[in-house]
Amino acid sequence: MPIVVLLSTTLVLAFSSLVALFPAAIAPELARALGVSSATVGLQVSLIFAGAMLTSLVGGPLTRRLGPCRTSQLSLALLGGGAALLTIPALPTFALGSLVAGLGYGMTNPSASVLLVRFTPHERRGLIFSLKQSGVPLGGVIAGASAPVLALAVGWQAGLLLLSAIALLGIAALQWPRVHWDDQRDPRTPWLATPFSGLAVVWRQRSLRYVALLSLCFSAIQLSVSAFTVALLVEDLGFGLVEAGLVMSGVQISGVAGRIGWGWIGDRLGDRLTALAIIACTTAVGALLVAGMTPAWPKWLVAGLLGLLSLSSLGWNGVFLAEITHLAPPRRIADAAGGCLVFTYGGVLLGLPTVTALHGLLGHYTTVFVVLAGVSALGLWLIRQARKAKQGEAATAARASEVS
């Protein structure tokens, strides 16, 4: 059963990432169809995560009310519906489709956290959550490899309709374990009455607060790397569209390896905050290397360095979510996950428009990576503050235990 739970949650997350990144993988093609710049197409990812923020606010109580499996099915329905809306070549419906898909994206992690905490061993939680989070770059791999080919072979609209069909298959497959996985749901939970309960859990606890703010920084970097890789390669470094899509797939494959590797390292260290600090340092160095790239660089070297950057910039999520389950009150794990993910998705919502604006100001995507290196350094400071808060909370709990 743990293997089935892990596989199911990973595939749902991979599909959500595929829907989110499919347009970015064909940004130049979509830009021509919509009559906008490729950087504007990149903003579509921000709309997806704006929707994700909204459902993250109610992710905890909604999961308790519907059950984690039914919540996952609802997530797939919204993702598939959003993909269908994206096929209409008009900016208003394109924006609406992105928002609808985002509502589905935001439901994936709170429900997955409940299932994984229930059915998997505590001592392997860092690795297990990292394996599940490998679904995000896995979806990017599929998007980078398939979207440009589908766009050139059958058209980008047909490719998006294929995603809607896959969503329907996923909903049908999840019906089989639903009775067992949702047997602890509480249909009386008022999921709309307390939309900020998860945020309250996070903000009251200083360690969770700093970890949530850290995820805001890291997610802004991650989605900047994912959303603008193709545009960076095509516009700044002279790659072809299909060639750039293959590099994007390689970047996402490195992200999969990074997530699994960092999860294992965090468990081995017994200190996931240290693992996150190492990730922050390596991301800063990698971003500075990307900032120095020019069209004269060998393409194999460009692809290799982007792959190394993605090991850290795309590899942090599983360690982060496992740390949340460690810090959160046992009965509020879904609420804490949802509350922290509001900040995570906020990093995307704020980060991608900022990168787009910086690109317009600076003229090159490579130059923007200097700023991303600075954001990673800020993340390192937040990790230091989270560690101090965690130590203080542990000391307070120890004193309370002695008194009682």
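## Arg-387 and Asp-271

Arg-387 and Asp-271 form a salt bridge, with their closest N and O atoms 2.8 Å apart. A salt bridge here is a side-chain nitrogen of Lys or Arg within 4 Å of a carboxyl oxygen of Asp or Glu. The pair links distant parts of the chain, 116 residues apart. Arg-387 sits in helix 20 (residues 365–403), and Asp-271 in the loop between helix 15 and helix 16 (272–291). Helices are DSSP runs (H or I, at least four residues), numbered from the N terminus. Arg-387 is partly exposed, at 26% relative accessibility. The scale is this: buried means under 20% relative accessible area, exposed over 50%, and partly exposed in between (1.4 Å probe, protein chains only).

This is a predicted model: local features need pLDDT of at least 70, side-chain atom pairs count only at pLDDT 80 or more, and totals for chains, interfaces and linings use all residues. Residues are numbered from 1 along each chain as its sequence is written, and side-chain values use heavy atoms, with hydrogens and water left out.

## Other salt bridges

The structure holds six salt bridges. One of them joins Asp-183 and Arg-118, with the closest N and O atoms 2.8 Å apart. Asp-183 lies in the loop between helix 12 (178–181) and helix 13 (197–204), and Arg-118 in helix 8 (residues 108–119), so the pair ties together parts that are 65 residues apart in sequence. Both partners are partly exposed: Asp-183 has a relative accessible area of 44%, and Arg-118 has 29%.

Arg-272 and Asp-267 also meet through their side chains in a salt bridge (3.1 Å, N to O). Arg-272 belongs to helix 16 and counts as buried, at 13% relative accessibility. Asp-267 is partly exposed, at 22%. Contact means heavy atoms within 4.5 Å. Leaving aside neighbours within four places in sequence, Arg-272 is in contact with Arg-125, Gly-126, Gly-266, Asp-267, Val-319, Ala-322, Glu-323 and His-326.

## Helix 9 and Ser-130

Two of those contacts of Arg-272, Arg-125 and Gly-126, are among the buried residues of helix 9.

Ser-130 is in helix 9 (residues 125–133). Its relative accessible area is 0%, so Ser-130 is buried. A polar atom of the Ser-130 side chain lies 3.1 Å from the backbone oxygen of Arg-259. Ser-130 touches Arg-259, Ile-260, Gly-263, Gly-318 and Val-319, not counting residues up to four places away in sequence.

## The nonpolar core

The largest nonpolar core has 108 residues. Helix 14 (residues 206–236) gives the most to this core, with 16 residues. A nonpolar core is a set of buried Ala, Val, Leu, Ile, Met, Phe, Trp, Tyr and Cys residues joined through side-chain atoms within 4.5 Å. Phe-49, Tyr-105, Leu-276 and Leu-306 have the most contacts inside the core.

Val-242 is in helix 15 (residues 241–269) and is partly exposed, at 35% relative accessibility. Val-242, Leu-152 and Leu-246 form a nonpolar surface patch, with about 280 Å² of accessible area together. Patches are made of residues with over 30% relative accessible area and no salt bridge; like charges are joined within 9 Å, and nonpolar side chains (Val, Leu, Ile, Met, Phe, Trp, Tyr) within 5 Å. Accessible areas come from the Shrake-Rupley method with a 1.4 Å probe; for residues, only the protein chains shown count as cover.

Glu-243 is also in helix 15 and is partly exposed, with a relative accessible area of 35%. The side chains of Glu-243 and Lys-299 are joined by a polar contact of 3.2 Å. A polar contact is a pair of N or O atoms within 3.5 Å; within protein, one must be able to donate a hydrogen and the other to accept it, and residues adjacent in sequence count only if both atoms are side-chain atoms.

Key: Helices (H or I, at least four residues) and strands (E, at least two) are DSSP runs, numbered from the N terminus.
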